[in-house]
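Student: I am new to this structure and would like to go through it by question and answer. Please start with the terms as they are needed.

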Amino acid sequence: MTKTRRGPIRAAVPLIPAAALAALAVLVTGCGADADRDGDGRPESAGRAALAVDAGTGATPDKARIAENVKSALEVRISTGEGRFGSGTHSPCASSSPKVFTEECGEAADYTREAARFALDEIDGRSGFATLGTTARKLDKAAATYRDLGCARNPAAADARKACLDPAAVVAQGFSDLRDGANLGLAGK
C-alpha cells in the first residue's frame with residue numbers, strides 16, 4: 001500500500017465552496033452594517049434607486065439583475081416573517097390553527113400585507129413581474145379583508161368566522177406565494 005501526501009492546495013480545496021456559501025448567505029440575508037439602518041428591527045429594502053442604477057458603472061442594469069435585486073430584497077422580508085410567524089400550516093392564520101381568530105394571526109396578516117406592498121412598490125412600472133404583482137395584490141386584499149372583518153377579535157357568529165377563513169388561508173400561504181412570484185420574476189413571468 002502506498003501512502004499519498006496531501007499538499008496544501010489539495011487540503012484547501014474543500015474550504016473554497018464553504019467560503020463561497022458563507023459569502024452568499026451574508027448577501028442573501030442582508031447581514032451587514034446597513035441591514036437595519038432605521039433601527040426598527042425590520043430589514044431595509046434594496047430601494048428603487050439601487051435597482052434603477054448600477055452603483056459601479058451608473059448604467060441601468062438588465063432585467064435579470066433587476067429581478068435578482070427584487071427577489072433578494074423581498075426574500076429578506078419573507079424569511080424574517082416566516083421566522084417570526086411561520087408559514088403554511090405552521091402559520092397562526094392556517095385554517096386549522098387555534099390562533100386563526102387571534103391577534104397573533106392579525107399581526108401575521110399585517111406583516112404579510114407589508115411584504116406584499118413592498119413587493120408592489122419594488123415592481124411598480126417594471127415588466128416581467130406579472131405573477132408577483134398578481135400574488136402581492138391578492139395577498140394585500142386578503143390581509144385587509146381579514147382586518148376589516150374583525151377576524152383577530154375572535155368573532156362569535158358562525159358566518160363571521162366562516163368569512164374569515166378564506167382571507168386567513170391566503171395570508172397563511174402568503175410568504176410561500178410571494179417567494180414563488182419572485183422566483184418566477186427571475187424568468188420574466
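Tutor: A nonpolar core is a set of buried Ala, Val, Leu, Ile, Met, Phe, Trp, Tyr and Cys residues joined through side-chain atoms within 4.5 Å. Buried means under 20% relative accessible area, exposed over 50%, and partly exposed in between, with a 1.4 Å probe and protein chains only. The model is predicted: local features need pLDDT of at least 70, side-chain atom pairs count only at pLDDT 80 or more, and totals for chains, interfaces and linings use all residues. Residues are numbered from 1 along each chain as its sequence is written, and side-chain values use heavy atoms, with hydrogens and water left out.

Student: How many residues does the largest nonpolar core have?

Tutor: Those with the most contacts inside this core are Leu 74, Cys 93, Phe 129, Leu 132, Tyr 146 and Leu 178. The number of residues in the largest nonpolar core is 36.

Student: Which helix gives the most to this core?

Tutor: Helices (H or I, at least four residues) and strands (E, at least two) are DSSP runs, numbered from the N terminus. H4, H5, H6 (130-148), H7 (158-172) and H8 each supply at least two residues of the core. With 10 residues, the helix that gives the most is H5.

Student: How do H4 and H5 run relative to each other?

Tutor: Axes are lines fitted to C-alpha atoms, for helices over the stretch in contact, and angles run from 0 to 180 degrees between N-to-C directions. H4 and H5 pack with axes 10 Å apart, at an angle of about 180°. Angles under 35 degrees count as roughly parallel, over 145 as roughly antiparallel, 65 to 115 as roughly perpendicular and the rest as oblique. H4 and H5 are therefore roughly antiparallel.

Student: How many aromatic pairs are there?

Tutor: Rings of Phe, Tyr and Trp (its six-membered ring) pair if their centres lie within 6.5 Å; planes under 30 degrees apart count as stacked, over 60 as edge-to-face and the rest as tilted. By this rule, the number of aromatic pairs is 2.

Student: Why is the pair of Phe 85 and Tyr 111 classed as it is?

Tutor: The ring centres of Phe 85 and Tyr 111 are 5.9 Å apart. Their planes are at 50°, so the pair is tilted.

Student: What is the class of the pair of Tyr 111 and Phe 175?

Tutor: Both Tyr 111 and Phe 175 are buried. Their ring centres are 6.2 Å apart and their planes at 65°, so the pair is edge-to-face.
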